[in-house]
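Here is a friendly walk through the inside of a protein model. Have the structure open beside you as you read.

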Amino acid sequence: MKKNILSILGSFALLCMVGCSENEANNAPVFPENTGGLNMVAGMSTEQVIPVITRSADFSDVSADDFYIKILNDKGETVKEFASLTAMRDEGLPVILPTGSYTAFASSFKPDGKEHSNDPYFEVEGGGHSFVIEEKRITQVKMKCIYNSLGVELALSEQFQKLLETESENYDYKVKVSNGTASYEFTKDNMKPVYFLKGCEELVVQVVMTIEGKEWAERVWRIKNGNDAPKTGEYYIIRLDVGDQPETLSLRSALME
């Protein structure tokens with residue numbers, strides 16, 4: 001029977017806080033003809049519930065101030081791009097844009113064709129937020145960024161961890177996880193979680209173990225969330241255990257329980 005332990009994660013919001021402007025002296029920006037402005041600040045918003053098997057998924061280091069920002073025109077062309085929200089503020093607010101229709105995009109890092117990362121990926125809900133710039137006015141927009149990656153973490157059993165510490169020359173492992181389009185390998189020297197930017201039909205987990213000094217043949221597990229395909233917005237912790245005999249090797253995700 002599947003057991004879902006829920007971890008509540010505060011999601012991130014990007015708020016474009018604005019006020020109307022009439023080019024009054026000393027308290028309003030002076031806009032060139034046929035332009036308007038856009039202001040953005042960072043804040044916290046509603047909670048997002050992410051299925052995980054423990055509370056070890058910690059995104060407390062993610063800051064909206066570091067989020068990548070771009071603004072696209074109605075043709076889908078990028079007209080403004082900022083490495084971070086902080087960089088946009090440093091360049092000067094409001095952002096001056098010609099009048100017209102736009103889409104604002106924000107994410108925790110620039111996707112740029114990446115298939116996976118060691119950092120969790122957050123993206124503006126819906127893939128973008130449309131807004132209109134009116135002449136000589138500052139426009140109000142609200143964007144909420146949500147967790148949008150498929151996280152996978154490898155956890156070692158206490159028994160196996162002890163063997164690695166006391167008999168490191170006799171025990172080793174390599175665990176490769178794939179979502180079908182990208183793969184990532186866990187080793188003793190690399191235990192950072194991986195975040196795939198796409199979901200999949202199933203996670204394929206390939207395990208090669210060294211037990212009592214002998215390397216055993218690769219074993220393969222295929223992991224789903226019960227009958228459901230793994231998807232972005234989820235976080236899996238895969239547990240690896242090994243006993244004194246090779247046949248006691250086991251691997252499972254609590255989302256399978």
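Serine 84 has a relative accessibility of 14%, so it counts as buried, the limit being under 20%. This is a predicted model. You will find serine 84 in the loop that links β5 (78-82) to α1. Setting aside neighbours within four places in sequence, serine 84 makes contact with Asp65, Asp66, Phe67, Tyr68 and Ile69.

Now to the nonpolar interior. In soluble globular proteins, nonpolar side chains tend to be buried together. The largest nonpolar core here is made of 33 residues, and Leu38, Met40 and Phe131 have the most contacts inside it. Elements giving two or more residues to this core include α1 (85-91), β4 (68-73), β10 (129-133) and β20 (235-241). Another core lies apart from it, with 28 residues, among them Leu156, Leu203, Ile211 and Val242.

Which residues does phenylalanine 131 touch, leaving aside its neighbours within four places in sequence? The contacts of phenylalanine 131 are Leu38, Ile71, Leu97, Gly100, Ser101, Tyr102, Thr103, Ala104, Thr139 and Val141.

Last comes the open space. The largest pocket has a volume of about 270 Å³. Its lining consists of 15 residues, and Asp61, Val62, Asn118, Asp119 and Pro120 are those nearest the centre of the pocket. The table divides the lining of this largest pocket by residue class.

| Class of lining residue | Number |
|---|---|
| Nonpolar | eight residues |
| Polar | three residues |

How values were computed: Residues numbered from 1 in each chain as written. Predicted model: local features only at pLDDT ≥ 70, side-chain atom pairs only at ≥ 80, totals over all residues. Heavy atoms only, no water. Core = buried A, V, L, I, M, F, W, Y, C linked by side-chain atoms within 4.5 Å. Buried < 20%, exposed > 50% of the residue type's maximum accessible area, 1.4 Å probe, protein only. Helix = DSSP H or I, 4+ residues; strand = E, 2+ residues; numbered from the N terminus. Contact = heavy atoms within 4.5 Å. 1 Å grid on protein atoms, 1.4 Å probe; cavity = no way out; pocket = protein on both sides within 12 Å on 5 of 7 lines; lining within 4 Å. Points joined across faces, edges and corners; volume = space filled by probe spheres on them. Nonpolar A, V, L, I, M, F, W, Y, C, P; charged D, E, K, R; others polar.
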